[in-house]
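Here are a few notes to go with your first look at this one.

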Amino acid sequence: MFWCCFVLCSIKKNKKKVAFYRDIFWLIRASVENDSPAWSRASSKQKHNEEVWVKKFRSRGRIFACGDPKMGFLSVLVFACCCRWSSGGRGEDQPVQTFVIPHSHMDVGWVYTIQESMHAYAANVYSSVTEELSKVKERRFIAVEQEFFRLWWDTVASDLQKKQVRQLVKDGRLEFIIGGQVMHDEAVTDLDDQILQMTEGHGFLYQTFGVRPQFSWHVDPFGASATTPVLFALAGFNAHLISRIDYDLKDAMQKTKKLQFVWRGSPSLAAQQEIFTHTMDQFSYCTPSHVPFSNSSGFYWNGVALFPDPPKDGVYPNMSLPVTKETIDAYAKTMVENIKQRAAWFRTNHVLWPWGCDKQFYNSSVQFRNMDPLMKYINQKSKEFGVTVQYATLSQYFQAVHQSNLTWDVRGSQDFLPYSTEPYQAWTGFYASRNVLKGLARRASSQLHAAEILFTRYRVHFPDGPVAKDWALDKLRALRWAVSEVQHHDGITGTESPKVADMYVQHLMQGMMGVQELQAALFLLPHYLDNPAVENFHGAGVDQALEQHVIIYNPLAWNITTVVNITVTLAGAAVYDDEGQPVSAQIQHSAQSNASYDLFVVVQLGGLQHRKYLIRFSGKSGHTYEAKAVVFERRRVKDWTRTGRLRLPVLNRCYKLMFDQETNLLHSITHLYSPKKQRVMMTQDFWEYHANGDVNAGPISDNYIFSANASAVRAYQAVEMQIIPGQIVTEIRQYFYRGENDSDYAYSITTLVPEFSGAGLPCHRLQQTYSVGPLQLNTEVVLRTSTSLKNNQSLYTDDNGFQMMKRTYKKFQNNTLARNYFPMVRTAYIKDDRSGLVLLSDRAHGVSSQANGELEVMLHRRLWNNQPWNLGYNLTLNDSSVVRPTLWMLLGSANATSRLYQREAVELQHRPVVMPIDNPRKPRQEKTGCSSPVRPVVLPPSLHLLSLSVLGWNYSSNHSIHLNHIHSGKDFPPEPDYDRVLLRIMHLYEEGEDPELSKPVTINIKEVLQGVGEVTMLEERSLTGTWDSAGLQRWKWKTANDEGKMKEPHQGHKDFILTISPKEIRTFFVHFSSRNNV
């Protein structure tokens, strides 16, 4: 071994160094062979050379005490050389150790529907891989997206195949990577949904196989968020892998061997949740598809997947030349050349060589039958080639890198967004593509959150209640599946074909309808949390006016006072709460339809509470204000010669909004609750970018790419305005006309200004809803808010609703406008020394600050181009829909807005659930008694109840017990576990962000959850619940900057008391008493 180690360490091109090392080796060999005379015969030069090296190693702290000085010196030198070799430190003539990782990138959507992909290739991937891995023990494969695997497992796999898979997983030959339902997008996905889809996949894998993924494979999302590595670390991952980052940045990182680093994605959590990150080189996750001696598909001997049906004869298009005596040397040289090219970009002597690409390994026998002899040939000539190759899983590669024991650079909380592949290909268009789908996915997620909590409370309080638990869990699981599925990086991004978008919508709508049925059952069936058979609406029954009943539910663990809008078909409404008390309300004609009315109701709800309201249509009511519109005449842009002279104020306790009657646009807003009552000049209107659709005329925009050929132009020629003054809200409706004489508007802004001063209703929230479309072809429409703020074109946007990123405007040689667009999932704001403007969103958008004081939000896109690739896959984004997104606007001092936006963003995401439970009808027989509303669940203001759900996965919390159960051969799957509740609590604020709200918060979880039931046991778990946090020991990586490593998070709990620090997400299994204590 010493001989091998020394030779590998010492062979150099420099002849003097060769002689130097030869002398040292002679001494080492003599010492190892206990040849004391050899040491005596050593020349003084030989001894001096050894002493010089010993000093060098001692100066670097690599000398260890030994008994005999001579043996100590020699042992140290041998140890140093061996460590240098085994650690993978780059020796000029060391063979490159290549980890060939077979994989198939299987998009859960994109061009083809799930059903089409399963039929054409996806099912065959797992069937053939299982068969081929079982034949030869050296073969390996990694499985990434769980949706296809679960469908195969549940609907295709035979008992024999399942047995084979279990053995392959146990042996480490088949490895699950990421483990989520999908490889989620990182730019436009929300934190809640990223966690959901991971939890779904991890729960299945752990219950079924007892495995817990520890490595990521995020090779295809379009840019990399700083939130994702934090979540993977919280889930127990040891390393993270990304690929798509800016082309020019990747090139620079390759040249300087900086593709690997330790990422501290959260500024508050820092080293607590750091993770080693590997960036794939310019070849990304595919092997070279071109070889110089073949015009087929390189190392893809199974060719290209065929749709809609796989070929009956097994012959696919573009099958590469087989490996034969005539071709093997050419294949080997091509592969070795690529390996060496990649090796030059990394610090260690290990190369990750991904063998696979999109839709591969559906005929694994052909793949392995050709690669097996090729790899054997290369290894037989490893000295000549300077390369060794082996089949490997991703964990084997990362283990080798980890054992190198190198010191790695630290990357802070910066992300890799936006992402460009070429100078004119900024992938910033998808931030706004398919706005309707983005909005639907977020509504479905919010509905799922509310239903999970409702069902959990029901299960704890009435475990044997009339709502069947298996039926309820099926409803929840269907929506979990749909929400998880659409998080795919070609799903919620809007980059899929129209038929795939329709599939996502169908799955989401079906899941939402099922959960609505579940919510109705939980609210209305007897023996629920309160007694719905006991009600008393005072004042009812005096006449035979029509009545309608509505349940309003608060899905947040905060007490709230807010205004909800109930659409009704009759005027003259009076509203009563479940104690029979009249409720303040306002009714007016709807902005959406002349046949309906908007009924604004002030509601007060405790955390996780619901209340039942009665609406009586009996004419006028003293507690319901009937608001009337004031209509202003149409103003044409060409007449805007002088503006700002006629201004109309709209006031509440927080703001004074001024509207310009000469333009019908907003003129300014003064924030009255700041000490200096600062006025900010402000206008809002619509602009559009005209996209090029001809690839022969220049860069194009498509569903991925935004490529502005010029600045935006005004999207309208005239504006109308209506103002509806009210006592609950004042509503301003602005209509924008593409042509000055058009009868139908193209765009609109509806702004709600809260006016009600009682009951603690917040006044700082300006709610805006927009109507955009249908658009003209090849236009991309933005809402532009122009202010007097001096932000120097810098803005802040959120990464996945978890943390804010500062976006400094950068100038590029090409495509500066598009490369300064950024994703906004929940929040974007601009600020200067005196004021800050915050926009909060109900779905993802693209945002930018193209000029000082501007904040523009891309709301909608409609595109067509003649690029053959787009046409061939129907990816041209000819979206003719009308979109109606919502933004909430906050204005105030920088300090004031920084305290507000985190909670406001959560409140926008999880607005009260409004459920009409009947249509207007004659009153039924009046019931007597008084209701008993459920006890509220309330967290401190800086904490958010992220999850409270019955997952249903059935596995022991003790890992050893669970593995014994799996290996016992008992029937699977087990019955769902309805008693274990998953709880997640998140601290919303960054460290140092606010003097009070950024402090660690200590709570007694037993007291907090009294409104749910009596907590009897609390187990802290990893983010997705599969690890006991006490036993989770992630790999440690040496870093150049170890600052913050000594800081430990507040882990553990005693007597149900726990402390949650800034930005922590703590996950628990909670067990409740079976007794009804609510």
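**Notes on the cavities**

1. Let's start with what lines the largest cavity: by class, there are eight nonpolar, five polar and six charged residues. Keep in mind that this is a predicted model.

2. That lining is made up of 19 residues, and the ones nearest the cavity's centre are Asp192, Leu196, Leu946, Ser947 and Arg984. H9 has the largest share, with six residues.

3. How much space lies in the largest cavity? About 290 Å³. As for the overall tally, there are eight cavities of 30 Å³ or more.

4. Now have a look at the second largest cavity, which holds about 150 Å³ of space. Its lining has 16 residues, with Gly801, Phe802, Tyr901, Gln902 and Lys1063 nearest the centre. Sorted by class, that lining comes to seven nonpolar, four polar and five charged residues.

5. Which elements each supply at least two residues of the lining of the second largest cavity? They are strand S32 (803-807) and helix H21 (894-909). Of the lining, H21 gives the most, namely four residues.

6. Where does the second largest cavity sit relative to the domains? It lies between domain 2 (432-526 + 933-1072) and domain 4 (684-881 + 890-909), because both of them give residues to its lining.

Methods
Residues numbered from 1 in each chain as written. Predicted model: local features only at pLDDT ≥ 70, side-chain atom pairs only at ≥ 80, totals over all residues. Heavy atoms only, no water. 1 Å grid on protein atoms, 1.4 Å probe; cavity = no way out; pocket = protein on both sides within 12 Å on 5 of 7 lines; lining within 4 Å. Points joined across faces, edges and corners; volume = space filled by probe spheres on them. Nonpolar A, V, L, I, M, F, W, Y, C, P; charged D, E, K, R; others polar. Domains from an automatic or database assignment.
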